[in-house]
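Here's a friendly walk through one protein model, taken a piece at a time. Keep the 3D view open while you read.

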Amino acid sequence: MEAQTRSLLEHFSSERRAEIEEHVETLVSELTLEQKVGQLNLLNADFATGTAVADMDIQQGIIDGDIGSVLNFENLEEARTFQELAVEESDHGVPLMLALDVIHGYRTIFPIPLGEAASWNPKMAELSARVAATEAAADGVQWTFAPSVDVSRDPRWGRVMEAAGEDPYLSGEISNARVRGFQGDDLSADDTILACAKHYIGYGASKAGREYNTVDISETNLREIHLPPFEACLEAGVGSVMNAFNLYERIPASSNEALVSDLLRAELGFEDLVVSDWDSFGELGEHGVAGNLREAARACIEAGSDIDMVSGAYATELVGLVEDDIIDESLVDEAVRRLLTVKGALGLFEDPYRYFDEERQSQRILTDEHREAAREVARESQVLLKNEGDLLPLDDSEEVALVGGLADSATDMLGAWRAEGDPDDVTTLRTTLTDRIENLAYVEGCDRDGSVSDEQLETAVETVTSADIAVVAVGERYSRSGEAASRAHIDLPGEQRALLKALIETETPVAAVLFNGRPLAINWEAEHVPAILEAWFPGLEAGPAIADVLLGEYNPSGRLPMTFPITEGQIPIYYNRLRTGRPAEDADVDLTEPPTGPAEKYLSRYLDIPNEPLYAFGHGESYTTFAYTDVSLDAAVVSTDETLSVDVTVENTGDRAGTEVVQVYINDLVGSRARPVKELVGFENVVLDAGESATVSFELTTADLEFWTADEEYAAEPGEFEVQVGHAADNVTAIKTFEFVE
Ligand code: BGC
């Protein structure tokens, strides 16, 4: 695959580009070595995600020219003060760049990124990033550390909430849209900010889902699973990339020359900024690959990492390393050049105060339009996991019992990484349903953390018994996912299962609404609760968006971006697995029963549970039904650079309008390396009225067939391929074959 990387300066006209380049060169030649090193120092001014912080007074550091950018500043006023110190008080006058983790909205909080990815709609991802950038840029932010593009197959890892799930292709489409949303067409506009693809690379493969744990993946896995979303961001012109905390080939990502200089820069052509993660340069010592900060600084600058987030390694060591002739000053110059180019692209040299405008701040944050966008994205993010007997949508003339602390918890709706999100802005499910359903009774039933007292249980059972239907909010508190929030058990915390059981025993039908930042192990619930709606953490429009779905004003269209396991013992579990030498799925064996003989036993299987997940990647139901007919390929044989058209007719066979996410997978039957059983290569959201049908076409190119071959190159190999079209990874309705010839 040829990466179509776009550098930041490519966004500009050649004159503007030359202007920025000239300005940058002048600065690089004028700044002293100490000042250049200061530029590479990124310090934290407020909230911290770790303990190790370089010891420096921020304001004095800015005046002394020892700081080039700042993250986590408090507010616009503080931002302006910092900038004034940099521009007016420091000797060099180079403006600062101000950064914040704007992950899923700034003040107008959108669904968590995993939820947004469940929309399978890049337009939603672009929209939320656009709104987030507009608000952040109006409040002094120029640089966000987003999108997270870590592909992960381990729901125990808390940070799965922050990215787009398990699949390289879906993650790529969503991440590319997020970058475009943040950066827009013109980074110097007053409503765009610099994006940062993170964490480069492999962080999502932390062993056992334990945060900050070690990673051990092959190059093939790195290239085929973890790299594609980064490439998609590079194609969108992302201007910065963040090092991951983890090792690759036993070398930390921050000091890994093969990853940064060779792969990212030389091979993929990335010309812009590489920033460390929080103290990740300092952590070289903990990893046992640097004896002291000096060795760490040397390894990281030589690897090609430009900016030091809070470790102080560059600030304290680079000058000495140059003066002692251990590293060449040109390495520092290169890093500074890249930072200054970004500052130039942001328009900071013309007007360092362009992002600090109180009027814009008051006009652009938390507008009605932004709230409406948040509601739209939250609607599309929800996934109807099951709906037995068409229990949903609710009939608003019925008596509805709403149960669960999460239904009334504003703060949890914001999820982790909430930037300036404020619980006071949130409309909870309880608030909206109280408005929209005449006979609604709310009881807490369980606390937000899942604990249930005898009294809560008793009142809930009483209320539900006399209602026509119960809507029960269950799940995790927001703080159980996000950074440093791994869980070994991913079932419903506390006594929520007991509560559901007691409510089901009342014989009033129960619909569960799930709030969570990761796939959960809800096998029992899936078996016993007739309807389950996955709402993730939907952001500040939680109530209206969920009510739209519960009341049938929006027909749910989300699909899972990550597999739900039956139990933690299946993890890692994901749809595009490799085949095994003894595939149980192909054998004529009932995997739900223990083996009774060798033909059933010596297979790649468990003795106690099936191999299949609870809910597969791509799964999601609707209030209507869809039928697929006439799947066809326009050729039986395709050769290099030819395009194959896959056509399918989809019909809405139910009685209400709805959206089907048509999914296309390929299966390369024989390769020089083992190939996955299927890989997503395309999808499309098709909106259809009741009874309406549409023909959807997908164009597959040679690039879709390529992989990292045994010859260590990206190539499509001749042979037979299957094309699978359908609703979900485990629910394809047609399989067609074609042959690829060179
Ligand atoms: C996280 C990054 C984040 C940084 C700054 C780190 O702990 O891993 O994703 O951008 O903190 O807040």
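## Before you start

This is a predicted model, so to speak of local features a pLDDT of at least 70 is needed, side-chain atom pairs count only at pLDDT 80 or more, and totals for chains, interfaces and linings use all residues. Residues are numbered from 1 along each chain as its sequence is written, and side-chain values use heavy atoms, with hydrogens and water left out.

## Around the ligand

Which residues are closest to the ligand? They are Asp101, Arg159, His199, Asp277 and Glu483, out of 13 residues that surround the ligand (each has a heavy atom within 4 Å of it). Sorted by class, this shell holds six nonpolar, two polar and five charged residues. Here Ala, Val, Leu, Ile, Met, Phe, Trp, Tyr, Cys and Pro count as nonpolar, Asp, Glu, Lys and Arg as charged, and the others, Gly among them, as polar.

On its own the ligand would expose 310 Å², and the protein buries 100% of that (Shrake-Rupley areas, 1.4 Å probe; for residues, only the protein chains shown count as cover).

## Cysteines

How many disulfides are there? The count is zero, going by cysteine sulfur atoms within 2.5 Å. Cysteine 233 has its closest cysteine sulfur in cysteine 196, but that is 9.4 Å away, too far for a bond. Cysteine 233 is also buried, at 0% relative accessibility (buried means under 20% relative accessible area, exposed over 50%, partly exposed in between, with a 1.4 Å probe and protein chains only).

## Helix H21

Helix H21 spans residues 542–550, and nine of its nine residues are buried. Helices (H or I, at least four residues) and strands (E, at least two) are DSSP runs, numbered from the N terminus. Those buried residues pack against several elements, including helix H15 (368–381) and strand S14 (469–475), where contact means heavy atoms within 4.5 Å. After H21 comes glycine 552, with a positive phi near 80°.

## Tyrosine 169

Tyrosine 169 sits in helix H7 (residues 168–183) and is partly exposed, at 25%. Leaving out residues up to four places away in sequence, tyrosine 169 touches Leu680, Val681, Gly682 and Phe683. A polar atom of the tyrosine 169 side chain lies 3.3 Å from the backbone oxygen of valine 681.

Note on methods. A polar contact is a pair of N or O atoms within 3.5 Å; within protein, one must be able to donate a hydrogen and the other to accept it, and residues adjacent in sequence count only if both atoms are side-chain atoms.
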